[in-house]
Amino acid sequence: MISLEIVGQQPILELSNYSVYRGKFCAVNELNLKFAPGELVALSGRNGAGKSSLLLAIAGLASFKGSMRFKESECHHGHHQPGIGYVPQRANLRWDLPLRAIDVVLTGTSGDHHLTGYKNRSRREKLAWDALESVDALDLGNRLLSTLSGGQAQRVLIARSLVSKPEVLLLDEPLSGLDEPSGQRVLDLLKKRSQEGTLVIAAMHELDVVQGHFSRAILLAGGLLADGRPEKVIPTLYTNIDQLEKIDL
Amino acid sequence: MSLYSFFIEPFAYEFMRNALFISILAGTVAPLTGYWALSRRMVYLTDAMSHSVLPGVIIASMLGISILSGALVTALVLAILVSAMVRKGNSSEDGAVGVASQSLFALGVVLASRSTDSKSLSHYLFGNPLSATYSDIFQLGLTALLIISLMLWAHPRLLAVAFDPEHASAIGVKVGRADAILILALAGTTVIGLGSVGVLMTISLSVGPAVITRIFSIDISRARFIAMGIGIFSSSVGVLFSYHLAIPVGPAVALTCSIMIAISFIVRSASSRSTNSRLQVSV
């Protein structure tokens, strides 16, 4: 197995003997991974490999066994971490609701009980507009969701996560369904975040993109198959085809 | 008939003024909670709840206690029954809601037929705001104020949960608690509806105005208040038509709402056609 050692950097996120469960089913088994600030990490593997489950567990939305440490503090299942932002797959959301982009970004502040309520409305709005500006989508703020393209919608969702200024950003298939220019724009955004020190972890199917743009790739197949530089890890996808076939749902 | 005799004359009578007040209360609150029910895909649950609170309301009325508490207890019973059927009985959620709500409704009908209460079953089902007293208006007014305050306070969380419950949970919003607040508000709305349009018509006043705002793609920040305006207008017009045509208030309000939906749909379709033809000409 290829693995990557983080040299000279304190890990911001550390998973030890980490298994993820969806109900009674073990979706990801016994991971041992360390992540440093500023890494741009791709989770790869076929459908059912456990990419989304792993992201959900780190975001506090799926149960896990083992240990997860975020900024040296132990995390517990079901407790959200204010410093971890999560961007789910676009297809699972209610795009039919008559919301403006700014309304969606504003929902990113709903969990902060110090900010909710009408007294803090202007403060929340400022945070939301700043987040939209940070993804270069200031002009989209007053547009209804139904009028946004896939790429624009993805940037709005990223802005929603950035509103709480996360140090770890998790994204589930952020390029899915996007054309090349829109995908490139989202990628540039993720690179910029990682250069600014945010740990970015994205579940990715686009292997050529992973090889061309990401600093690290983790190959999953119900457990860890490989972890390292994308140009070394991606070829193992083909050499481990037998293992991958078993978990292809 | 002059405008004066159509619009003003009916309200020379106290019972008509009371009917108008109580219908306006329902027209204010129901569209607000209904808007969230539509956004959270809980319209069927709202309809089921409006039926299922009947036994609680009748028992409370027989015991001489607040009908709001009776309605809330029955809403809780409905939630427990649905949850038990889904978890223990492997039933689908809509199947469980259908069975539990209709059972409670049937129980309510039986209780009403045995009740010595002056209010007849048809009052509960179709509403009779004409019999509303100042005390009813005061109590339902307080309930309305409570529900509106609750909805405004919970707005950020309700919005987060309606759009993306998973993300809402990830940022620390208690999704179950937000849904419970909405269900409580819907139960309270049913009680207010009970005093005006009746349990069978409450759903029209809850969801109709929200549907109109959807037809015109009005964004959520304005839509809730526009829906409340439409609700107040429908209630007022319904009360007027009920007086002039000598028909029950509940169905009159519900039909006014339905006619407004039909007109909105026609206006929207005509406007889309006209936009499309302009685009074709310019191409």
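Two strands are counted as a pair here if DSSP finds at least two bridges between them. Keep that cut-off in mind for the close-ups below, which come from a predicted model.

**View 1. Strands β6 and β7 of chain A run side by side in parallel.** Four bridges join β6(A) to β7(A), residues 168–172. One residue to look for is Val87(A), whose bridge partner in β7(A) is Leu171(A). Helix α4 of chain A, residues 150–162, lies across both strands and runs at about 160 degrees to β6(A).

**View 2. Six strands of chain A form an open sheet with mixed pairing.** Reading across, the order is β6-β7-β8-β3-β9-β10. At the edges stand β6 (84–87) and β10 (224–228) of chain A; each has a single partner strand, so one side of each is left without a neighbour in the sheet. From one strand to the next, the twist averages 15 degrees.

**View 3. Domain 1 and domain 2 of chain A meet here.** Domain 1 covers 1–83 + 168–249, and domain 2 covers 93–165. Each domain gives ten residues to the contact. On the domain 1 side, helix α5 of chain A (residues 180–195) supplies the largest share, four residues. By class, that side of domain 1 has six nonpolar, three polar and one charged residues.

**View 4. Stepping back, chain A holds eight helices and ten strands.** Of its 249 residues, 47% count as buried. Among contacts in chain A between residues at least 6 apart in sequence, 70% join residues at least 24 apart.

Notes:
Residues numbered from 1 in each chain as written. Chains lettered and ligands numbered in written order. Predicted model: local features only at pLDDT ≥ 70, side-chain atom pairs only at ≥ 80, totals over all residues. Helix = DSSP H or I, 4+ residues; strand = E, 2+ residues; numbered from the N terminus. Axes fitted to C-alpha atoms, helices over the stretch in contact; angles between N-to-C directions. Contact = placed C-beta atoms within 7 Å. Buried ≥ 20, exposed ≤ 12 C-beta atoms within 10 Å, placed from the backbone. Domains from an automatic or database assignment. Nonpolar A, V, L, I, M, F, W, Y, C, P; charged D, E, K, R; others polar.
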